[in-house]
Amino acid sequence: VAGGPMWVKAVSAAMPMLRLNPTSGVDLDNAAEFLQNGANSVGLVAPLFPPGAIADEDWDQVQANAAKVIGSIRDAGIIA
């Protein structure tokens, strides 16, 4: 999302009836920030499933990526 989490915050404040679900620009390190700033959800397929990890069948990397993003969302207090 051009403008990142702060854009989501600004649009959410101006138009609270919208349910924003950003996908572009969301990664393992900033997904929680998007959610904290008003995103309803986030999409991050490529960061979770890097093509190299899929090609190499490196499921441990995929699991580590998932654990990282879930941990950062949990640390931000968005999920228990």
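Colleague: Which residues does Val-69 touch, not counting residues up to four places away in sequence?

Modeller: Val-69 touches Leu-28, Ala-31, Leu-44 and Leu-48 on that count, where contact means heavy atoms within 4.5 Å. This is a predicted model, in which local features need pLDDT of at least 70 and side-chain atom pairs count only at pLDDT 80 or more, while totals for chains, interfaces and linings use all residues. Residues are numbered from 1 along each chain as its sequence is written, and side-chain values use heavy atoms, with hydrogens and water left out.

Colleague: Why is Val-69 called buried?

Modeller: Buried means under 20% relative accessible area, exposed means over 50%, and partly exposed is in between (1.4 Å probe, protein chains only). Val-69 has 7% relative accessibility, so it counts as buried. Its place is in helix α5; helices are DSSP runs of H or I with at least four residues, strands are runs of E with at least two, and both are numbered from the N terminus.

Colleague: What makes Asn-65 buried or exposed?

Modeller: Asn-65 is at 7% relative accessibility and therefore counts as buried. Asn-65 is also in helix α5. Leaving out residues up to four places away in sequence, Asn-65 touches Leu-28, Pro-47, Leu-48 and Pro-50.

Colleague: How do you know that Asp-29 and Lys-68 meet in a salt bridge?

Modeller: The rule asks for a side-chain nitrogen of Lys or Arg within 4 Å of a carboxyl oxygen of Asp or Glu. For the side chains of Asp-29 and Lys-68 the N to O distance is 2.9 Å, a salt bridge. The pair links distant parts of the chain, 39 residues apart: Asp-29 is in the loop between α1 (4-14) and α2 (31-36), and Lys-68 is in helix α5. The count by this rule is 1 salt bridge.

Colleague: Why is Asp-29 called exposed, and why is Lys-68 called partly exposed?

Modeller: Asp-29 has a relative accessible area of 59%, so it is exposed. Lys-68 has 42%, so it is partly exposed.

Colleague: What is the phi of Glu-57?

Modeller: Phi of Glu-57 is near 55 degrees, a positive value in a residue other than glycine. Most residues other than glycine have a negative phi. Glu-57 lies in the loop between α4 and α5, and its relative accessible area is 57%, so it is exposed.

Colleague: Where is Asp-58, and why is it called partly exposed?

Modeller: Asp-58 is in the loop between α4 (51-55) and α5 (59-75). Its relative accessibility is 31%, so it counts as partly exposed.
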